[in-house]
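Thank you all for making the time this morning. I would like to walk you through one structure, part by part, and I will ask a few questions along the way.

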Amino acid sequence: MHILTRKAACLSVTLLLTSTTLLYAQTPSTPPAASLAQDPAAQTPPAAPAAPPRPAWHGSLNVGVAVAGGVQAQKGYQISAGLQRPFSDGGSFVANASRQYQRVTFPSESLLADRFNVGVGADQNLTKYTVAMVRSLYLKDELMYVTSRYEELFGYGLHLYDANKRFVFQFVPGVSVFKEDLVYSDDKDWQGGIGFFEKFTGKINAAWSVENSFRLRHNFKRSDRSIESVANLNGMITRTMGVQFEYQYNYESIVPPDFPNYLQMFSAGLRFQF
């Protein structure tokens with residue numbers, strides 16, 4: 001009897017072990033943590049790339065004031081501003097405006113300067129060293145007998161610079177169509193002209209820089225022409241404020257008889273840039 005009982009107990013243990021083995025064999029194993037990490041579906045999707053920064057405006061504002069009293073009394077001011085903003089790879093929107101006014105009030109009243117001009121347009125580098133230029137221009141100069149002049153300018157030329165862009169030079173020949181009202185001319189229809197625009201900027205050091213621009217336009221129909229030229233020496237005292245010394249030369253061929261056909265001015269003032 002004891003023998004039969006012992007054999008039954010052994011048989012029960014054998015069946016229990018066999019059942020447990022089959023249960024573990026049929027249960028799927030849990031994948032290791034490394035397998036989950038390698039599964040693309042189980043990973044957290046990457047964050048979306050940050051949007052590129054929007055192009056910033058860059059510009060400058062120059063202000064000068066002249067006041068005198070005593071033997072001679074006079075007053076005057078000069079304001080000029082420029083803006084630039086990139087709109088593509090190698091392209092930028094540009095705008096500039098200036099106003100000069102100076103008048104002697106004693107001992108006799110006399111106008112020394114009364115000029116306003118504004119320009120708006122775009123520059124686009126078509127190759128590494130060439131640039132296309134478009135400008136809309138307006139000019140009024142009472143002293144040079146230009147009641148008004150509206151002009152559209154189109155040009156294509158050189159855009160040269162060194163590796164660090166400390167020195168930049170542009171020379172752009174072009175053509176223009178314009179409509180002007182001159183005191184000493186009866187031709188007030190649309191006209192055409194040819195000429196060129198030149199600009200040079202150079203950084204002397206971290207604080208000082210020089211700028212020069214020169215523009216010549218010659219009329220297709222007759223032998224009159226105009227010149228606008230500006231040269232600046234800029235010195236920054238802080239990151240945003242400094243001083244500017246400017247020489248300006250303007251030429252108009254149609255003026256009264258025995259009247260000077262050019263005006264040159266020298267001014268100094270504060271410069272703000274951003």
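**Notes from the group meeting**

Let me begin with a loop: Pro107 sits in the loop between β3 and β4, and the peptide bond leading from Phe106 into Pro107 is cis, with omega near 5°. Please keep in mind throughout that what we are looking at is a predicted model.

Lys165, in the loop between β6 and β7 (167–182), has a positive phi of about 55° although it is not a glycine, and at 49% relative accessibility Lys165 counts as partly exposed. Asp258, in the loop between β11 (241–252) and β12, likewise has a positive phi, of about 60°, without being a glycine, and with a relative accessible area of 85% Asp258 is exposed. As background, most residues other than glycine have a negative phi, and most peptide bonds are trans.

Now let me step back to the overall layout. How many helices and strands does the secondary structure of the protein come to? There are 2 helices and 12 strands, and reading along the sequence gives the pattern α-α-β-β-β-β-β-β-β-β-β-β-β-β. Of the 274 residues, 31% count as buried. If we take the contacts with a separation of 6 or more, residues 24 or more positions apart account for 48% of them.

Which residues make up the largest nonpolar core? That core has 11 residues in all, namely Tyr101, Leu111, Ala113, Leu139, Leu143, Met144, Val146, Leu182, Ile254, Leu263 and Met265. Strands β4 (110–127) and β12 (262–273) each supply at least two residues of this core.

The structure holds 13 salt bridges, and I will pick out a few of them. In one, Arg115 pairs with Asp141, the closest N and O atoms being 2.6 Å apart. Why does this pair tie together parts that are 26 residues apart in sequence? It does so because Arg115 lies in strand β4 whereas Asp141 lies in strand β5 (residues 130–141). Both partners, Arg115 and Asp141, are buried.

A second bridge joins the side chains of Glu151 and Arg215, at 2.4 Å from N to O. Here Glu151 belongs to strand β6 (residues 146–161) and Arg215 to strand β9 (residues 208–219), so the pair ties together parts that are 64 residues apart in sequence. Glu151 and Arg215 are both buried.

Elsewhere, salt bridges that share partners join Arg115, Asp141, Glu151, Arg215, Arg217 and Glu228 into one network.

Ser209 lies in strand β9, and its C-alpha atom is separated by 6.1 Å from that of Leu233, 24 residues away along the chain. Not counting residues up to four places away in sequence, Ser209 touches Gly202, Lys203, Ile204, Asn232, Leu233 and Asn234. Ser223, by comparison, is found in the loop between β9 and β10 (225–236), where it is exposed, with a relative accessible area of 61%. Ser223 and Ser253 are 30 residues apart in sequence and, C-alpha to C-alpha, 8.5 Å apart in space.

Finally, let me turn to the second largest pocket, which has a volume of about 180 Å³. Of the 14 residues that line this pocket, the closest to its centre are Ala66, Gln78, Gln102, Phe266 and Ser267. Strands β1 (58–68), β2 (73–88), β3 (91–106) and β12 are the elements that give two or more residues to the lining. Which element provides the largest share of that lining? The answer is β12, with 4 residues. By class, the lining of this pocket has 8 nonpolar, 6 polar and no charged residues.

Note on methods
Residues are numbered from 1 along each chain as its sequence is written. This is a predicted model: local features need pLDDT of at least 70, side-chain atom pairs count only at pLDDT 80 or more; totals for chains, interfaces and linings use all residues. Side-chain values use heavy atoms; hydrogens and water are left out. A nonpolar core is a set of buried Ala, Val, Leu, Ile, Met, Phe, Trp, Tyr and Cys residues joined through side-chain atoms within 4.5 Å. Buried means under 20% relative accessible area, exposed over 50%, partly exposed in between (1.4 Å probe, protein chains only). A salt bridge is a side-chain nitrogen of Lys or Arg within 4 Å of a carboxyl oxygen of Asp or Glu. Contact means heavy atoms within 4.5 Å. On a 1 Å grid over the protein atoms alone, a cavity is a set of points where a 1.4 Å probe fits but cannot get out, and a pocket is an open set with protein on both sides within 12 Å along at least five of seven lines; lining residues have an atom within 4 Å of a point. Grid points are joined across faces, edges and corners, and a volume is the space filled by probe spheres set on the points. Ala, Val, Leu, Ile, Met, Phe, Trp, Tyr, Cys and Pro count as nonpolar, Asp, Glu, Lys and Arg as charged, and the others, Gly among them, as polar.
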